[in-house]
Amino acid sequence: IRATGVPVVMLGGEQQPNAELMELSSVPIGVAADAHRYLAEGGPDNLAQLHAFLSDTVLLTGEGFEPPREIAAWGMAERPSDRPRVGVLYYRAHEASGNAAFAHALADAVDATGMAVGVPVFAGSLRSAPDELYAALGTLDALVVTVLAAGGSTPASASAGEDDEAWDVERIEALDIPVLQGLCLTTSRAEWEASDDGVTPLDSATQIAIPEFDGRIITAPFSFKEID
């Protein structure tokens, strides 16, 4: 690609910028860093502005662009009620991309019971979540979680016979409320229903085995990956 003279922007896929990858870019490091900000904030609008930004600064098209639109690190829906409140926690990336219908549908189903109110909550992660998020979660009466485990960054080091102390669930435990794992499978509903195994090995690991390290109560699949 370099031999063709086409500009190259190398970025990592994490919230924090990857300096080593950026140095492989053919554009100035400042341009790569600014491009990363658009992707880190996420969402269709920022993706469109990233296109405009690179067109303007790299290809000099004069198209014009807006700075990245900041999206909150976490948020909780306002659903006031005197009934018990059940949180439904999902990824910030789903909120940014407009793919949060599955979480709101579960919250609506909780509402429909007439016994509790569902409260959608989005966050980037539970591992590095701010104290303010945990304080907000502590106001709930129960929590259904669809994100990965919160206890540690290296699950393998907390497996049997190794460093069990590496898995720290102190903040989850301090909530002192039931925390349930809502299974969001990587297969379609039809595939799940037809399978004798129930869930795939990947879903078994990420949706069942690892969340158990957090002490979560494993429930049943409620969301599936459907392709139109």
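In the predicted model, Tyr 90 has a relative accessible area of 2% and is therefore buried, the limit for this class being under 20%. Tyr 90 forms an aromatic pair with Phe 122, with a centre-to-centre distance of 6.3 Å and an angle of 50° between the planes, a geometry classed as tilted. Because Tyr 90 belongs to strand β2 and Phe 122 to strand β3, this pair ties together parts that are 32 residues apart in sequence. Phe 122 likewise counts as buried, its relative accessibility being 11%. The search of the whole structure returns six aromatic pairs. Ring pairs also join Tyr 90 and Phe 122 with Phe 102 and Phe 222 in a cluster.

Strand β2, which spans residues 85–91, is mostly covered, with six of its seven residues buried. Strand β3 (residues 117–123) runs parallel to β2 and is joined to β2 by seven bridges. Within this pairing, Leu 89 is placed opposite Val 121 of β3. A further parallel pairing, over four bridges, connects β2 with strand β4 (residues 142–145). Here Val 86 faces Ala 142 of β4.

These pairings belong to an open sheet of six strands, arranged in the order β1-β3-β2-β4-β5-β6 and with mixed pairing. From one strand to the next, the twist averages 25°.

Helix α5 (residues 101–112) touches β2, β3, β4, β5 and β6, and its direction makes about 160° with that of β3. Helix α9 (residues 201–212) also packs on the sheet, where it touches β5 and β6; the direction of α9 makes about 175° with that of β5.

Packing between helices was considered next. Two packed helices are described by the angle between their axes and the distance between the axes. For α2 and helix α3 (residues 44–57), the packing angle is about 165° and the axes are 8 Å apart. Since an angle over 145 degrees counts as roughly antiparallel, α2 and α3 are therefore assigned to that class. The crossing of α2 past α3 is left-handed. On the α2 side, the residues that meet α3 are Val 31, Asp 34, Ala 35, Tyr 38, Leu 39 and Glu 41. Their counterparts in α3 are Asn 46, Leu 47, Gln 49, Leu 50, Phe 53, Leu 54 and Thr 57.

Helix α2, which comprises residues 29–41, also contains His 36. The relative accessibility of His 36 is 5%, and the residue therefore counts as buried. When residues up to four places away in sequence are not counted, His 36 touches Leu 11, Gly 12, Glu 14, Gln 15, Gln 16, Pro 17 and Met 22.

How values were computed:
Residues numbered from 1 in each chain as written. Predicted model: local features only at pLDDT ≥ 70, side-chain atom pairs only at ≥ 80, totals over all residues. Heavy atoms only, no water. Buried < 20%, exposed > 50% of the residue type's maximum accessible area, 1.4 Å probe, protein only. Helix = DSSP H or I, 4+ residues; strand = E, 2+ residues; numbered from the N terminus. Pairing = 2+ DSSP bridges. Axes fitted to C-alpha atoms, helices over the stretch in contact; angles between N-to-C directions. Contact = heavy atoms within 4.5 Å. Phe/Tyr/Trp six-rings, centres within 6.5 Å; stacked < 30°, edge-to-face > 60°. Parallel < 35°, antiparallel > 145°, perpendicular 65-115°, else oblique. Left-handed = near helix turned anticlockwise from the far one by under 90°.
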